[in-house]
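Please read it with the structure open.

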Amino acid sequence: MHSVPTIRTHEGDKPAFVIRRPAACTTPLIFCSPHGGRDYPASFLDRSRLPTDAIRRSEDLYVEELYRFVETIGAPLISARFPRAFLDVNREPYELDPAMFEGELPLYVNSHSVRVAGGLGTIPKIVAENTEIYRDKITVEEGLARIDTYHHSFHAAISGLIAETKRIHGMAILIDCHSMPSSVRPAPGGRRPDIIIGDRYGTSAAARLVSFVTSGFSREGYDVMRNKPYAGGYITERYGKPAIGEHALQVEISRALYADEAHFRQSEDFPRLEADLRSVFGWVAHKIRETYPHSIAAE
């Protein structure tokens, strides 16, 4: 596995991401939390025009703690410790807005994506409510170094987990773990679901695996939708290759189920949701063992 970079916070150096491994890898499931990081680099906070509470609006609050059970079902969890506002690993490596940088970006940069236009590229320009993060421009050298250090190493680690899991089980199933604000845009009729499962409109995972996860949440009484408004981002797109036995699903959970969003705290319902997630994915792991009793390379 590649070495893990460190981030320099006001409290000292900390690892940029953490991989928690089970004693034995007994399921092809892999869990990933790319947006839950809250170790803010000191240099980043010093140059931001926002107070810390405002910057934190883009965090997937405590998602890595919701999924801390996964070791007990025989699956690893990789969690980013650096915040999404600093660098977003659920974007292509070089989705960058030229207006944010002092100097000329390389020609290979994707500066015209929808996400860049919305201020949410690999190095985000804004947090929630279109609030700009930086007082001044970032140098091109700093931006590229940030990507080289954090984005590349995080994805190298995911690729390593997938390869390792596939060697053992013949397949790998990445669960990309996210949370969504309770104020998410309602569906027609005013419906705001508890859970949204994203599979890139049927392209990133086998239909039966999507059905297992969707049914698992429905069995626990949650209102589940698929793909709207969240079909999955770069992680789901990059690692979802069902034709070769590599599947990826995004799971969005409403923060109203477990958090006090205004104060960035866990609510009294947090333990119940954590227990339900353990039940959901324990059942999913069982269904996978039942459906794929032998190692297979593709479906």
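Which residues of the largest nonpolar core touch the most other members? Point 2 takes this up, after a word on the source.

1. Basis of the note. This is a predicted model, in which local features need pLDDT of at least 70 and side-chain atom pairs count only at pLDDT 80 or more, while totals for chains, interfaces and linings use all residues. Residues are numbered from 1 along each chain as its sequence is written, and side-chain values use heavy atoms, with hydrogens and water left out.

2. The largest core. It has 43 residues, and Leu29, Phe31, Tyr67, Phe217, Val251, Tyr258 and Phe281 touch the most other members. A nonpolar core here is a set of buried Ala, Val, Leu, Ile, Met, Phe, Trp, Tyr and Cys residues joined through side-chain atoms within 4.5 Å. Buried means under 20% relative accessible area, exposed means over 50%, and partly exposed is in between (1.4 Å probe, protein chains only). The elements that give two or more residues to this core are E4, H3, E10, strand E11 (195-198), H6, E13 and H8. Helix H8 gives the most, with nine residues. Helices (H or I, at least four residues) and strands (E, at least two) are DSSP runs numbered from the N terminus. Apart from this core lies another, of 42 residues, among them Ile7, Phe17, Ile78 and Leu96. In soluble globular proteins, nonpolar side chains tend to be buried together.

3. Strand E4. Five of the five residues of E4 are buried, so the strand is largely enclosed by the rest of the structure. Leu29, Phe31 and Ser33 are buried on one side, and Ile30 and Cys32 on the other. E4 runs parallel to E10, joined by four bridges, and Phe31 has Ile175 as its bridge partner in E10. Three bridges join E4 to strand E5 (residues 77-80), also in parallel; there Ser33 is partnered by Ser79. Two strands count as paired if DSSP finds at least two bridges between them.

4. Phe31. Leaving aside neighbours within four places in sequence, Phe31 is in contact with Tyr67, Val70, Ile73, Ala75, Pro76, Leu77, Ile78, Ile175, Cys177 and Phe281. Contact means heavy atoms within 4.5 Å.

5. Helix H8. This helix covers residues 270-291, and at 1.5 Å a residue its 22 residues should span 32 Å; the end C-alpha atoms are 31 Å apart, which agrees. The expected span is 1.5 Å times one less than the number of residues. Its buried residues are Phe270, Leu273, Glu274, Asp276, Leu277, Val280, Phe281, Trp283, Val284, Ala285 and Ile288. They pack against strand E4 (29-33), helix H3 (63-66), strand E10 (172-180), helix H6 (207-219), strand E13 (246-254) and strand E15 (265-266).

6. Glu274 lies in helix H8 and is buried, with a relative accessible area of 12%. Leaving aside neighbours within four places in sequence, Glu274 is in contact with Glu65, Leu66, Arg68 and Phe69. Arg38, Glu64, Glu65, Arg68 and Glu274 are linked in a network of salt bridges. A salt bridge is a side-chain nitrogen of Lys or Arg within 4 Å of a carboxyl oxygen of Asp or Glu.

7. Arg38 and its partners. Arg38 meets Glu64 in a salt bridge, 2.8 Å from N to O. Arg38 lies in the loop between E4 and helix H1 (42-47) and Glu64 in helix H3, so the pair ties together parts that are 26 residues apart in sequence. Arg38 is partly exposed at 27% relative accessibility, whereas Glu64 is buried at 16%. Arg38 also forms a salt bridge with Glu65, the closest N and O atoms being 2.9 Å apart. That pair too links distant parts of the chain, 27 residues apart, with Glu65 in helix H3.

8. Other salt bridges. The whole structure holds 23 salt bridges. One of them joins Arg8 and Asp13, with the closest N and O atoms 2.9 Å apart. Arg8 is exposed at 57% relative accessible area, and Asp13 is partly exposed at 47%.

9. Aromatic residues. A search of the whole structure finds 15 aromatic pairs. The ring centres of Tyr40 and Phe44 are 6.3 Å apart and their planes are at 20 degrees, so the pair is stacked. Rings of Phe, Tyr and Trp (its six-membered ring) pair if their centres lie within 6.5 Å; planes under 30 degrees apart count as stacked, over 60 as edge-to-face and the rest as tilted. Both Tyr40 and Phe44 are buried. One aromatic cluster is formed by Phe17, Tyr40, Phe44, Phe82, Phe86, Tyr134, Tyr150 and Phe154.
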